[in-house]
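Me: I would like to learn how to read features in a protein model. Please give the general idea first and then the case at hand.

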Amino acid sequence: MDTPPSILFATAEMAPWVKTGGLGDVAAALPAALRRAGHDVRVLLPFYPALQQAFPAAEPLVALPPLAPALPASRLLAAESDGLPLLLLDCPALYQRPGNPYLAADGHDWPDNASRFGLLSRVAALLGQAVSPLAWHPDIVHANDWQTALAPAWLHYEGGAASIVTVHNIAFQGCFAESARAALGLPAAAWRFDGVEYHGQLSFLKAGLQLATLISTVSPTYAREIQDEAFGYGLSPLLRHRRHQLRGILNGIDSKIWNPAADPALAAPYAANRLAAKRTNKAALQRAMGLAENAERPLFGVISRLTEQKGLDLLLTIGDGIPHLPAQLAVLGSGDRTMEAGFLALAERHPGQIAVSLKFDESLAHRIEAGADCFLMPSRFEPCGLNQMYSLRYGTPPLVQATGGLADTVVDVSETTLADRTANGFVMADGSAHALWLAMQRAAANWYDRRLWQRIQQNGMRRDFSWSHAAAEYGQLYRDALAAPH
Ligand code: ADP
């Protein structure tokens, strides 16, 4: 077999050091999986304070001169994380800042984000060009989200490696004033509707979607949805135009951290063929959250950012009915203040039956996945979604809206899907609170049939959500990009 393409994976986040969302997790898992599949992969990311702490002995590689009026001198350092090579872009004037990578302490964007991620994109492109100061030359520059999506623009205008841009969330597009074009050193010829210009602004993401060799996003259904006005945040016409270059690849999950058979957070480990111990986890969760310790009613679980996207306002609408199903509800989440207050009030009205914890708590997240009977995720949109996959792995059938990665992973229980053993959860008929209520009623009714429920659980637990699966699909995407005109 021929050598797998070599990849420069450019990212603004990488768990566990810098993470604000799905991108951080993907950057931690996908390059490692690609490396296991034989690709020579190097990850380029800013040398943020968290990385300086993690890699104090990072080795200086090359100094880079100022690359444009707004792109100051920088340098690249090399480090290794579990054998995975990291290229750390050091520019203290841009990256030596505490906290969130995009926002200042006052919650506003850093005013120089165009330079901060312009430099990251520029260096990603440079490393894919013949003039790169490194001896290593990647076949593919893989950009992720708006922060690196300008890299394909330079590769397009100046030549170099083939490029991929992956959309993890299309809502964030990196738009800046027109003056940023010259400040970042993009050619004047790029200021076109089919270049980097977007409604009179410079849009990093639009530039990448327009000019990358191929585009991907994190689930097949989201790849179709973002071509639709309702999901595309203005970019759907462009995505429709490039639909033959657009592909959806479902993220994997970290099956070491999310493994009910060996999860240190759980009261009792269990597996698909040892499901009885799940009951111990339910009782432990009920005690921990102040719910009545009752094995005879289904317990619904939620772990989520509390935002409009996640559709949890629908749950608030019907929440008072839950104890009458009868069922219990355990919610872990934080976010929107009105929604937080709504859930607190709901729990106060139903002590012992509905419990709410407004914090971020990894351990409790694991215990809810293990202790709940059914996981609620009525998201309005969900590029991929992780919690429904964790739930499937934990034998906690998810109940979801048919959108994005939820539609690609959750198979509604029906006669047909039970017969072909794909049934693994519950899908709402539409996006209304009423549809959520009906699906919860259906889940509760199914739960009382223990043998049926066990079949649904086992169908979900059998599915393979490993990163090696995703890495193989990215491998094909890279080969296709090399074969495509660019
Ligand atoms: P999104 O990235 O849109 O928030 P995902 O389902 O893709 O949604 O990922 C959410 C991740 O964040 C999961 O790992 C989930 O367990 C975790 N999470 C969300 N809220 C909390 C919380 N309050 N406490 C612990 N983990 C949480």
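Me: Which residues form one aromatic cluster?
Reply: Rings of Phe, Tyr and Trp (its six-membered ring) pair if their centres lie within 6.5 Å; planes under 30 degrees apart count as stacked, over 60 as edge-to-face and the rest as tilted. Here Tyr102, Phe117, Trp146, Phe176 and Phe204 form one such cluster. Before going on, note that this is a predicted model, where local features need pLDDT of at least 70, side-chain atom pairs count only at pLDDT 80 or more, and totals for chains, interfaces and linings use all residues. Residues are numbered from 1 along each chain as its sequence is written, and side-chain values use heavy atoms, with hydrogens and water left out.

Me: How many aromatic pairs does the rule give?
Reply: The count comes to 15 aromatic pairs. In one of them, the ring centres of Trp146 and Phe176 are 5.9 Å apart and the planes stand at 50°, so the pair is tilted. Helices (H or I, at least four residues) and strands (E, at least two) are DSSP runs, numbered from the N terminus. Trp146 lies in helix α5 (residues 145-148) and Phe176 in strand β8 (residues 175-176), so the pair ties together parts that are 30 residues apart in sequence.

Me: Are the rings of Trp146 and Phe204 stacked, tilted or edge-to-face?
Reply: Their centres are 5.6 Å apart and their planes make 70°, so this pair is edge-to-face. Phe204 belongs to helix α8 (residues 204-211) and Trp146 to α5, so parts 58 residues apart in sequence are tied together.

Me: Is Trp146 buried or exposed?
Reply: Buried means under 20% relative accessible area, exposed over 50%, and partly exposed in between (1.4 Å probe, protein chains only). Trp146 has a relative accessible area of 9% and is buried. Phe176, at 16%, is buried too. As for the helix that holds Phe204, eight of the eight residues of α8 are buried, so α8 is largely enclosed by the rest of the structure.

Me: Where does Tyr222 lie, and what is it in contact with?
Reply: Contact means heavy atoms within 4.5 Å. Tyr222 lies in helix α9 (residues 220-225) and is buried, with a relative accessible area of 1%. Leaving aside neighbours within four places in sequence, Tyr222 is in contact with Asn169, Ile170, Thr217, Phe381, Pro383 and Gly404.

Me: In what order do the strands of the open sheet come?
Reply: Two strands pair if DSSP finds at least two bridges between them. Six strands form the open sheet, in the order β15-β14-β13-β16-β17-β18, with parallel pairing. β15 (354-357) and β18 (426-427) are at the edges with a single partner strand each, so one side of each has no neighbour in the sheet.

Me: How many bridges join β13 to β14?
Reply: Eight bridges join these parallel strands, and Ile303 stands opposite Leu332 in β14. On the pairing of β13 with β16, there are two bridges, again in the parallel sense. There Gly301 is opposite Phe375 in β16. Seven of the eight residues of β13 are buried.

Me: What do β13, helix α13 and β14 make?
Reply: A crossover is right-handed if, with the strands pointing away from the viewer, the path from the first strand over the helix to the second runs clockwise. β13, helix α13 (residues 312-318) and β14 make a right-handed β-α-β unit.

Me: Which residues of α15 are buried?
Reply: They are Leu364, Ala365, His366, Ile368, Glu369, Ala370 and Gly371. Seven of the 10 residues of α15 are buried, so this helix is largely enclosed by the rest of the structure. The buried residues pack against α12 (278-289), β13, β14, β15, β16 and α16 (387-393).

Me: Which peptide bond is cis, with omega near 5°?
Reply: Most residues other than glycine have a negative phi, and most peptide bonds are trans. The bond from Ala15 to Pro16 is cis, with omega near 5°. Another cis peptide bond joins Leu325 and Pro326, with omega about 0°. On phi, Asp82 has a positive value of about 50° although it is not a glycine. Asp82 is exposed, with a relative accessible area of 79%.
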